[in-house]
Amino acid sequence: MAKKIGILTSGGDAPGLNPVIAGFTRTAIKNGYEVIGFLDGWKGLIEGEYEKLSLDKVKEIVQEGGTILGSSRINPRKVENGFEKILKTLKNLDVYAFAACGGDDTLGVAKILNEKGANVVGVPKTIDNDLEATDQTFGFDTSINIAMDAIDRLRTTAKSHHRVFVLELMGRHSGWIALEAGMAGNANAIIIPEFEYSLDELCRLLKKRHDGRRTYSIVVVAEGVIFPEMKEKVEKVGKDSFGNVILADLKVGEFLADEIKERTGLPVRAVTLGHIQRGGPPSAYDRYLGLRYGAKAAELIHESKFGRMASLQGMKIIDEPIEKAIAERKVVSKDLWLLAKSFFG
Ligand code: F6P
């Protein structure tokens, strides 16, 4: 009888999840396995909710955004006997091994399950691109292209009205999306969580740019930036089940726009791109990367390489220990930040 293996997608969705599911299912079936998909992230494993994945089921999903399995931010650590329930589901359904696609929170749970004896492999997913042990996560390429397009579109209206536009982009702990989309979109200033850039410095730059000129400015800010002036606000906003501050409530873009208005008197508008960055069809690169990651995860199971994660190194897909991906966060280097800063103005 064919061994049964599973896959789940957990945390914020990312364009490329469906290609991962397709790559995993096709390779696993080719290797002789029966495949199931757990529904809505860890919830599916805790509650035993799943569906069978066949070649037919994944035939036309590569070009689709989102995840056909659904996702959630359910944290087994916060569910009573969460890990025990997961191990029980695996036993009851006779699941030999499974792949967890997610960012640091999901992979942290996968690592614990592996230590508890479950056969788990990982796939690195996040549009934020902040996972170590891989050169790039899938979803990132799509999101920076959407963000760059937003900058291009804001530029024409900003020009017409001689306005300052503040564009808030995703990126909780790392400023990769803001930095790369901001540079590609030729933004006038980019502010990211990794390096301090003060309101005074920014307003000086904007005043200089606009001084007596019919001009415009685009300022890109990563959602995870917390200016020292925002301390009180941070204490008031809620946290999700993994203990992350809910940044959608912090609204750094709006805060920044108000500060610029007050300090410079310039006409300012704030735009938050939000989940548009995660929606819609994946880019060609993310489809290709997702398919390869998914196939690699199925191969890792076939080779009994549990506790390991598919990883991109240069042009190659290799594998790395899951714990390496979560030990540290991949942040923007000083060199890159200084290069971006040298283009401000
Ligand atoms: O998954 C990463 C991410 O897109 C972050 O960039 C963002 O802060 C967060 O998810 C948003 O989470 P939610 O979809 O729960 O609002």
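What follows is a chat about how some labels in this predicted model were reached.

Reader: Let's start with the helices. Why are α3 and α4 called roughly perpendicular?

Author: Helix α3 (residues 82-92) and helix α4 (residues 104-115) have axes that cross at roughly 65°. The band for roughly perpendicular is 65 to 115, so α3 and α4 get that label. Their axes come within 11 Å, and α3 passes α4 in a right-handed crossing.

Reader: Which residues make the contact of α3 with α4?

Author: From α3 you have Phe83, Ile86 and Leu87, and from α4 there are Val109, Ile112 and Leu113.

Reader: OK, next pair. Why is α6 called oblique to α13?

Author: α6 packs against helix α13 (residues 334-342) at an angle of about 40°, with the axes 11 Å apart. Roughly parallel would need an angle under 35 degrees, and roughly perpendicular starts at 65, so α6 ends up oblique to α13. The crossing of these two is left-handed.

Reader: Now the cysteines. What makes you call Cys101 and Cys203 buried or exposed?

Author: The cut-off for buried is under 20% relative accessible area. Cys101 has 0% relative accessibility, so Cys101 counts as buried. Cys203 has a relative accessible area of 5%, so Cys203 is buried as well.

Reader: How many disulfides does the structure hold?

Author: The structure holds 0 disulfides. To be counted, a pair of cysteine sulfur atoms has to be within 2.5 Å.

Reader: On to the backbone. What makes the phi of Asp40 worth a remark?

Author: Phi of Asp40 is near 55°, a positive value in a residue other than glycine. Most residues other than glycine have a negative phi. You'll find Asp40 in the loop between β2 (34-38) and α2 (42-47).

Reader: How do you know whether Asp40 is buried, partly exposed or exposed?

Author: Asp40 has a relative accessible area of 27%. Buried would take a value under 20% and exposed one over 50%, so Asp40 is partly exposed.

Reader: What about the phi of Asn186?

Author: Asn186 has a phi near 60°, again a positive value in a residue other than glycine. Asn186 sits in the loop between α6 (176-184) and β7 (189-191). Its relative accessible area is 54%, so Asn186 is exposed, given that exposed means over 50%.

Reader: Asp13 next: why does Asp13 count as partly exposed?

Author: Relative accessibility for Asp13 is 23%. Asp13 is in the loop between β1 (4-9) and α1 (17-30).

Reader: Which residues does Asp13 touch, not counting those up to four places away in sequence?

Author: Asp13 touches Gly66, Thr67, Ile127 and Arg278, with those sequence neighbours left out.

Reader: Thr67 is on that list, so where is Thr67 found, and is it buried or exposed?

Author: Thr67 is in the loop between β3 (50-53) and α3. With a relative accessible area of 16%, Thr67 is buried, since the limit is under 20%. Leaving aside neighbours within four places in sequence, Thr67 is in contact with Thr9, Asp13, Leu17, Asn18 and Ile21.

Reader: How do you know whether Gly44 is buried or exposed?

Author: Gly44 has a relative accessible area of 0%, so Gly44 is buried. The place of Gly44 is in helix α2. Leaving aside neighbours within four places in sequence, Gly44 is in contact with Phe38, Leu39 and Glu49.

Reader: Last one: why is Ser283 called buried?

Author: Ser283 comes in at 17% relative accessibility and so counts as buried, the cut-off being under 20%. Ser283 is in the loop between β9 (268-272) and α11 (284-302). Leaving aside neighbours within four places in sequence, Ser283 is in contact with Asp141 and Thr142.

Notes. Residues numbered from 1 in each chain as written. Predicted model: local features only at pLDDT ≥ 70, side-chain atom pairs only at ≥ 80, totals over all residues. Heavy atoms only, no water. Axes fitted to C-alpha atoms, helices over the stretch in contact; angles between N-to-C directions. Helix = DSSP H or I, 4+ residues; strand = E, 2+ residues; numbered from the N terminus. Parallel < 35°, antiparallel > 145°, perpendicular 65-115°, else oblique. Left-handed = near helix turned anticlockwise from the far one by under 90°. Contact = heavy atoms within 4.5 Å. Buried < 20%, exposed > 50% of the residue type's maximum accessible area, 1.4 Å probe, protein only.
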